[in-house]
Amino acid sequence: MDRQVSLALMQDDELLPKWVDTVKRWGVLFLSTVAGPVVGIMAFLLMWSVAAQNIQTSLGQFPGPSDVWTQVKNLQAEHIAERQKADAFYQRQEERNQARLQVDPDYKPKIRAYTGKETFLDQIFTSLKTVMSGFIVAALIAIPLGIAIGLSRGLYQSVNPIIQVFKPVSPLAWLPIVTMVVSAVYVTPEPLVSKSYLVSMFTVTLCCLWPMVVNTAVGVASIDEDLVNVSKVLRLPALKHVQKIVLPASIPMIFTGMRLSLGVAWMVLIAAEMLAQNPGLGKFVWDEFQNGSSDSLGRIMAAILTIGLIGFLLDRGMLQLQRWLSWDKSSAER
Amino acid sequence: MKYGRVVKWLGVLILLLSMPWRLGWSGEQLGFPEKEELTFGFIKLTDMAPIAIAYEKGYFEDEGLYVTVEAQANWKVLLDGVIDGRLDGAHMLAGQPLAATIGFGTEAHIITPFSMDLNGNGITVSNEIWKQMKANIPKRKDGKPVHPIKADALKPVVEKYKSEGKPFNMGMVFPVSTHNYELRYWLAAGGLHPGFYAPKKGDISGQIDADVLLSVTPPPQMPATLEAGTIYGYCVGEPWNQQAVFKGIGVPVITDYEIWKDNPEKVFGITAEFAEKYPNTTIRIVRALIRAAIWLDENNNANRPEAVKILSQSNYVGADYEVIANSMTGTFEYEKGDKRAVPDFNVFFRYHATYPFYSDAVWYLTQMRRWGQIPEHKTDDWYHQVANKVYRPDIYSKAAQSLIDEGLASKKDFPDFATEDGFKPPQSEFIDGIVFDGTKPNAYIEKFPIGLKAKQSL
Amino acid sequence: MNTLLQISDMGMVFPTPKGAFVALEHVNLTIQQGEFVSLIGHSGCGKSTVLNVVAGLYQATSGGVILNGKEVQQPGPDRAVVFQNHSLLPWLTAYENVELAVKQVFSKTGEHSKTKTEMKEWIEHNLKLVHMDHAMHKRPNEISGGMKQRVGIARALSMQPDILLMDEPFGALDALTRAHMQDSLMEIQQELNNTVIMITHDVDEAVLLSDRIVMMTNGPAATIGSILDVPLARPRDRLALSRDAEYNHLRSDVLKFLYEKQRKVENLNAPVNKCDQGENANHAA
């Protein structure tokens with residue numbers, strides 16, 4: 001009976017034109033990938049605006065979605081205004097240099113960077129630059145170190161206790177020490193980068209280091225014994241062994257470590273910028289909090305959403321990179 | 001053709017003639033700045049205005065200076081920044097260059113060639129404390145409290161807390177801040193002991209024998225700390241008193257204008273090394289700041305609304321326009337709705353506000369001695385030597401004179417540099433009526449009923 | 001025929017937490033050039049150890065292995081190994097897997113060096129030999145288990161080894177695929193006249209492929225119990241042989257050895273378990 005019914009259905013399906021099937025399939029796809037998130041976001045916005053109306057702070061009513069949107073537009077307008085000011089600044093400087101050359105021919109004119117305030121967009125860029133450079137420095141240290149630890153049992157045993165102790169330390173606890181050490185060590189008359197940038201960067205590096213070392217080491221140590229034997233039978237030299245066997249084999253684990261640490265690093269960076277008043281999104285949030293203007297909460301919410309969005313994009317970016325670089329596609333699925 | 005050439009030469013001539021105007025007296029006496037790219041620090045307070053105005057009005061650029069202005073987290077970070085060279089100069093508490101030079105806290109030779117303003121602070125208490133204080137304050141006919149309010153009104157409240165075993169905490173912004181000394185002055189004048197420091201014994205909390213326990217909170221965090229109940233009141237610069245009124249979390253009870261009329265407030269601090277290494281830059285900085293101060297006060301504060309608008313930008317003070325305007329435009333709001341005229345709440349230029357008087361330095365040193373931050377007896381000479389080392393009217397005079405010569409400032413607004421000795425005549429307009437004569441610091445210290453006597457040490 | 005490989009008085013002792021475990025004792029075996037030898041015995045006992053010592057992956061605790069007159073000290077491409085689970089590098093295509101071996105063996109200067117084109121031809125030739133030329137550029141996860149094992153064999157063959165060591169090469173394959181692979185292996189062996197040592201516990205496979213079957217006793221202290229000559233004519237056809245009396249006789253001889261003389265004792269203290277422990281301990285180290 002059942003069989004007949006299903007057979008009948010199948011026949012029915014076959015009778016329908018092909019485009020109906022296509023439409024159906026797209027419909028399902030739409031519902032599962034677009035409609036779901038849209039419904040979720042709408043519900044969130046609704047809840048947010050209702051909740052916002054019911055929260056009174058000493059800085060006025062809690063900002064709802066529309067207030068935040070207004071602030072986003074304000075921040076953008078400020079950025080554009082600041083860019084115009086910067087252009088005027090450069091023009092004035094040009095004129096001033098020319099005028100000075102007239103009376104002081106020995107003068108070597110130089111163009112100095114704009115001295116105005118950092119806009120929200122500048123701060124985003126600063127934070128991104130900091131997190132990426134700190135992350136790359138960490139990767140350059142952690143991956144070779146992790147490989148060495150993974151390959152040598154002796155090294156693993158001697159380094160492991162140190163890693164285990166330092167791994168759970170919040171990088172924020174390091175911040176004062178990093179600050180002092182950078183101040184003491186980085187002394188140049190014409191600094192290429194600012195101290196605050198280095199402090200934030202090294203804090204990010206410290207934060208990324210441990211998850212990457214641990215994951216790389218585990219990835220290397222857990223390589224299939226047979227693959228190692230293949231390398232032995234082929235008598236691959238040590239460097240080639242690492243390059244041809246160890247590195248590709250541990251790439252999925254290395255990426256897991258990298259994604260993990262990038263996510264943590266982004267969170268820590270924002271906190272470090274708040275704490276140390278180093279340029280970036282964290283400083284933006286803290287400055288707005290201290291300003292205590294009636295726009296402050298809206299601007300902070302705008303920053304929070306931006307931070308979240310960037311964190312999400314960083315993770316997606318790493319995933320994409322992993323898909324692109326790793327042979328093991330299944331490890332890069334979510 | 002020939003005609004064209006003449007025009008060209010004429011053009012060059014005109015350009016050359018206009019040069020001193022545009023570059024500022026470049027040729028003969030004042031040279032080009034040795035260092036052109038500078039970073040100045042400030043704390044989010046309205047009295048940083050001269051720096052913001054000098055930047056926004058292009059006065060720094062007129063001097064060939066390219067200045068970056070950076071808000072700092074707190075006074076310690078700011079001072080360390082100037083000392084370690086991260087900052088070239090900063091908006092400082094008057095006590096900071098003095099304390100650094102004599103080695104209370106971080107030791108470094110900091111000088112001040114420019115005094116930034118007079119007055120501008122207030123003391124705010126929480127609503128809860130205000131309710132209890134109010135009963136002790138006489139009322140005017142219209143039912144509003146009579147000002148100035150003395151700490152006598154606070155005394156019974158503190159005593160009640162003390163008898164209940166609850167410590168009475170108040171906030172100030174830095175151990176050597178004007179606010180610390182003003183709050184202490186006000187409390188002591190009302191018979192409340194604010195506590196001694198004893199740095200020789202390692203006690204720098206300043207709470208020995210205290211009726212009221214004072215602790216440090218960065219200015220912008222004052223309202224939030226008060227709201228959280230950690231402190232019952234604070235002494236801070238603007239806009240953080242008016243912010244409490246706007247937020248409805250506290251009531252300012254007195255401004256520093258009423259504690260000491262036209263008291264010196266912030267100074268512009270740089271290292272002695274900087275001034276020595278970059279003399280032209282130093283003079284040019286002072287020139288720009290003097291012009292900004294003139295602009296802030298000229299035409300009877302006519303530019304203040306514009307200044308407020310600039311200060312309310314998020315990179316400067318960042319508070320709402322209304323909050324900053326409240327005190328910057330000649331009024332001050334005490335209890336909500338009790339807005340009174342205080343035309344001299346913020347003075348940036350008039351009354352020779354920007355001239356670094358030695359006597360101002362001596363007053364701060366006497367207060368450091370009074371509360372034990374200077375642990376031992378010092379001779380009158382010592383006070384004057386320190387003042388000489390830190391306050392630099394010589395630099396100020398050069399800058400001001402060059403502005404006068406260029407017609408950018410008028411002679412009558414400045415002291416007569418030829419005869420000025422840097423000591424104001426004895427001042428009597430203190431809340432407790434005690435007269436201050438900067439030439440006799442030890443005699444002044446002796447006059448206070450609460451505080452270390454001239455030869456006393458802990 | 002020349003003697004290619006000589007195992008003399010090989011013994012293997014593994015240290016375990018419970019004390020030394022003797023896995024092998026007095027193993028003696030001589031293999032001729034071009035000979036196909038199977039090692040058979042109950043699972044886990046010594047066979048793999050023998051193979052690994054020959055490969056150079058383990059060092060025997062006593063006795064030793066001599067290949068072409070030289071003692072074996074370490075692994076090398078002259079003793080190519082085909083591992084039970086193919087051991088292809090999953091991030092390389094079939095071609096690249098073979099290429100890795102070919103480049104390593106033939107790029108050095110010397111009599112065996114090959115030019116780039118020669119290498120390419122050689123790689124393709126070996127893949128063709130195992131009938132994998134149609135899927136040369138596929139990665140291991142895109143091809144079936146049998147195909148992977150073919151690539152594994154191609155990789156081993158491409159090294160032009162003196163001896164091919166196969167550790168249960170078809171153990172993980174289904175019966176049909178396994179038959180195909182066995183036929184292929186016979187073809188290749190016919191063509192190249194390789195010397196092969198193969199571990200198996202499939203009696204049919206052993207009889208079908210081998211010139212000699214080395215039957216191992218159960219451990220501990222496993223050793224060679226008996227060696228059976230398989231004088232069946234080549235080429236061999238599995239269908240014809242299934243009705244061949246001699247084939248069936250040989251088959252029953254092996255079965256008798258395994259299930260009468262060396263019956264496996266299934267209890268917790270079985271030597272097999274101990275033997276496994278010994279090997280595991282060695283792996284972990």
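Over all chains, the count comes to 47 salt bridges. The model is a predicted one. Side chains of opposite charge can pair when their charged atoms come close. Within chain B, Arg287(B) and Glu406(B) join their side chains in a salt bridge, at 3.0 Å from N to O. This pair connects distant parts of the chain. Arg287(B) belongs to helix α13 (residues 279-301) of chain B, and Glu406(B) to helix α18 (residues 393-406) of chain B. The two residues are 119 residues apart.

Two pairs of chains touch. Of these 2 pairs, chains A and B make the most contacts. Chains B and C share no contact. Their closest C-alpha atoms lie 51 Å apart.

The interface of chains A and B was examined next. Chain B contributes 33 residues to the contact, and chain A also contributes 33 residues. About 2,900 Å² is buried between chain B and chain A. Carbon and sulfur atoms account for 49% of that area. Three residues stand out on the chain B side: Phe32(B), Glu61(B) and Tyr66(B). They supply 21% of the area that chain B buries against chain A, more than any other three residues.

The rule finds 6 salt bridges between chain B and chain A. Glu36(B) forms a salt bridge with Arg100(A). The closest N and O atoms of that pair are 3.1 Å apart. Polar contacts between chain B and chain A number 15 residue pairs, both residues being at pLDDT 80 or more. On the side of chain B that touches chain A, several elements give two or more residues. These are α1 (2-24), α2 (49-56), β2 (66-71), α9 (222-228) and α10 (240-247) of chain B. The largest share of that side, 5 residues, comes from β2(B). By class, the side of chain B that touches chain A holds 18 nonpolar, 7 polar and 8 charged residues.

Chain A also meets chain C. Here 18 residues of chain A contact 22 residues of chain C. The two chains bury about 1,900 Å² between them, 68% of it on carbon and sulfur atoms. In chain A, the residues that lose the most area to chain C are Val233(A), Leu234(A) and Trp327(A). Together they make up 35% of what that side buries. The salt-bridge count between chain A and chain C is 0. Polar contacts join 5 residue pairs between chain A and chain C, with both residues at pLDDT 80 or more. Helices α8 (225-234) and α9 (238-276) of chain A give two or more residues to the side that touches chain C. Of the elements on that side, α8(A) gives the most, with 8 residues. The residues of chain A that touch chain C divide into 10 nonpolar, 1 polar and 7 charged.

Chain C contains an open sheet of 6 strands with mixed pairing. The strand order is β6-β7-β8-β3-β9-β10. Strands β6 (79-82) and β10 (224-229) of chain C stand at the edges with a single partner strand each, so one side of each is left without a neighbour in the sheet. On average, neighbouring strands of this sheet are turned by 20° against each other, direction ignored. Strand β9 (residues 212-216) of chain C runs antiparallel to β10(C), and 5 bridges join the two. Met216(C) stands opposite Ile224(C) of β10(C). Helix α1(C) packs on the sheet and touches β3 (36-40), β6, β7 (163-167), β8 (196-200) and β9 of chain C. The direction of α1(C) makes about 150° with that of β7(C). Helix α8 (residues 245-261) of chain C lies across β3, β9 and β10 of chain C. This helix runs at about 175° to β10(C).

An open sheet of 4 strands in chain C has antiparallel pairing and the order β2-β1-β4-β5. Strand β4 (residues 62-67) of chain C runs antiparallel to β5(C), joined by 2 bridges. Ile66(C) has Glu71(C) of β5(C) as its bridge partner. Helix α1 (residues 47-55) of chain C lies across β1 (3-16), β2 and β4 of chain C. Its direction is about 115° to that of β1(C).

Key
Residues are numbered from 1 along each chain as its sequence is written. Chains are lettered from A and ligands numbered from 1 in the order in which they are written. This is a predicted model: local features need pLDDT of at least 70, side-chain atom pairs count only at pLDDT 80 or more; totals for chains, interfaces and linings use all residues. Side-chain values use heavy atoms; hydrogens and water are left out. Two strands pair if DSSP finds at least two bridges between them. Contact means heavy atoms within 4.5 Å. Axes are lines fitted to C-alpha atoms, for helices over the stretch in contact, and angles run from 0 to 180 degrees between N-to-C directions. Buried area is the accessible area (1.4 Å probe) that two parts lose on being put together, summed over both. A salt bridge is a side-chain nitrogen of Lys or Arg within 4 Å of a carboxyl oxygen of Asp or Glu. A polar contact is a pair of N or O atoms within 3.5 Å; within protein, one must be able to donate a hydrogen and the other to accept it, and residues adjacent in sequence count only if both atoms are side-chain atoms. Ala, Val, Leu, Ile, Met, Phe, Trp, Tyr, Cys and Pro count as nonpolar, Asp, Glu, Lys and Arg as charged, and the others, Gly among them, as polar.
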